[in-house]
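Hello,

Here is the structure I promised to send over. Have a look at it first, and then read on for what turned up.

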Amino acid sequence: MKIFILSSGEYGSKIVNGIATHGFASNIIGIHEFPSSDDLPEFIDDISSYIPENIPESDLIIAVGLYGDINMVIPEVVKKSGAKSVIAPIYHPKQLPLGLQNEIINELDDNTTIVFPKPFCGLTPIGDEFIDKFTEIFGRPRFEIETDSESEEIDLDSNISSIKVIRGAPCGSSWFIAENLNGVSVKDAEFEANNKLHNFPCVASMATDNATGDTILHIASYRTKEAIKRALGFTCKVPMVDEEACEGFEECENACLNSCPNVLTGVETIYYNDDGKAVIDPASCGVCEICIHECPYGAIEVYEERVNIKKDNE
Ligand code: SF4
Ligand code: SF4
C-alpha cells in the first residue's frame, strides 16, 4: 500500500510521526507540508497554486491538519495520484465543516472513497481495501489486557499485569497509555487511561463542536475508555435508562439520541428496543451525562456498579 500524506501544523506532524513510528513507515511514499492556517488566507479563491508539484502514484491519501479551504487540494491530489481512498480526520470543529466536506465529495469521482473520522481515533473498517488495511494498525483503539486476577471473571481488586495495543490512535497516544498502565488497578484503568491521553497530550481540540455538543478531545477520550472497557470486559460506571420512566422516542422526539455526541459521530451508543424505549451501550458511552440533562422525563441515571461488557474480538 502506497500512502501519500498531506500535512499541516502541529497536528499534522504528530500524526505523521505516529504513523511512521507505530506502523506504516515503509508505506509512506511522500509527505507534502502545507503552511499552517495562520499563514494562509481565510478564503482561497484559486486553489491551483497550492497543489503539490510532485504527486506520486498512490493508493491512500491521508490529509492531516489541513484547516479550512486548503482542504480543497484533496480532489486534485486524488486525481493526479490515482488514489481511490482518502482519510481526512477532523481534530477541530471549524477545520472541515460539513459544507466543505460535501464540496470535496462533489469533486471526487464515484469510485473514490473518502472518510472524515471525528477524531482520527474513531476510524473503523468500512469495507474499502486501503482504508481497512490502515485500520489493521490505526483507528479506534483496541487493547489486549492481562491481569493478576485469579478468577476467570476479572476480580475488581486485581491489577493490570500487561497491556498490548492491537490497534492504536494514529497520534501514538494508545502506545503511551499502554506503557503506563501496568500495575494500575482494574477499577481505575478507564480513569487512568483518560489521564494518560491528556498527558500525551491528545491534540484534538478542546473547543465545543456545535455538531456534537461536545469537544473533539472528549470524544477521543470516550474512544480510549471504550477500548479499556472492551478489553477488561466490564465497566464500573454507566448511565442506564429506566424503562418505566422512558416515554419512548415518539414522545420526546429522540431527545437523548439527538444529543449524544457519540451518536452524532456515527457510534450506536443509544438505540431503541422493540418497545421504542432507549437503551444505552455501556461500552461506547463516555458518561458525558448530556442525555441525562436532555431527557424531559428524567429517565436516565448514572449507576456506579459493575456492568459486564462483551469482550472485543473484532
Ligand atoms: S452519557 Fe448519554 S449522551 Fe453521553 S455518551 Fe453516554 S449515552 Fe451518550
Ligand atoms: S430516555 Fe428520555 S430522552 Fe431518551 S427516549 Fe426515553 S424519554 Fe426520550
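A word on contacts before we start: two residues count as being in contact when their C-beta atoms, placed from the backbone, lie within 7 Å. Please also keep in mind that this is a predicted model.

Let me begin with the domains. The assignment gives domain 1 (3-134), domain 2 (142-235) and domain 3 (238-304). With the contact rule above, 13 residues of domain 2 meet 12 residues of domain 3. The centres of domain 2 and domain 3, taken over C-alpha atoms, are 23 Å apart. Which helix gives the most to the side of domain 2 that touches domain 3? That is α7, with eight residues. By class, this side of domain 2 has three nonpolar, five polar and five charged residues.

Helix α7 (residues 216-232) also packs against helix α6 (residues 189-199): their axes come within 9 Å and cross at roughly 145°. The crossing of α6 and α7 is right-handed. From α6, the residues taking part are Ala 189, Glu 190, Ala 193, Asn 194 and Leu 197, and they meet Ala 220, Ser 221, Thr 224, Lys 225, Ile 228, Lys 229 and Leu 232 of α7. Sorted by class, the contact of α6 with α7 holds six nonpolar, three polar and three charged residues.

The largest nonpolar core has 64 residues, and Ile 61, Ile 62, Ala 63, Ile 74, Val 86, Ala 88 and Phe 143 have the most contacts inside it. Here α7 turns up again, giving the largest share of this core with eight residues. Domain 1 (3-134) and domain 2 (142-235) each supply at least three residues to this core. Leaving aside residues up to four places away in sequence, Ile 61 touches Phe 4, Leu 6, Ile 74, Val 77, Val 78, Ser 81, Ala 83 and Val 86.

His 32 sits in strand β2 (residues 28-34). Beyond residues up to four places away in sequence, His 32 touches Leu 6 and Pro 52. His 32 and Ile 5 are 27 residues apart in sequence, yet 6.3 Å apart in space, C-alpha to C-alpha.

Best wishes

Notes: Residues are numbered from 1 along each chain as its sequence is written. Chains are lettered from A and ligands numbered from 1 in the order in which they are written. This is a predicted model: local features need pLDDT of at least 70, side-chain atom pairs count only at pLDDT 80 or more; totals for chains, interfaces and linings use all residues. Axes are lines fitted to C-alpha atoms, for helices over the stretch in contact, and angles run from 0 to 180 degrees between N-to-C directions. Helices (H or I, at least four residues) and strands (E, at least two) are DSSP runs, numbered from the N terminus. A crossing is left-handed if the near helix is turned anticlockwise from the far one by less than a right angle, and right-handed if clockwise. Ala, Val, Leu, Ile, Met, Phe, Trp, Tyr, Cys and Pro count as nonpolar, Asp, Glu, Lys and Arg as charged, and the others, Gly among them, as polar. A nonpolar core is a set of buried Ala, Val, Leu, Ile, Met, Phe, Trp, Tyr and Cys residues joined through C-beta atoms within 7 Å. A residue is buried if 20 or more other C-beta atoms lie within 10 Å of its own, exposed if 12 or fewer, and partly exposed in between; C-beta atoms are placed from the backbone. Domain bounds come from an automatic or database domain assignment.
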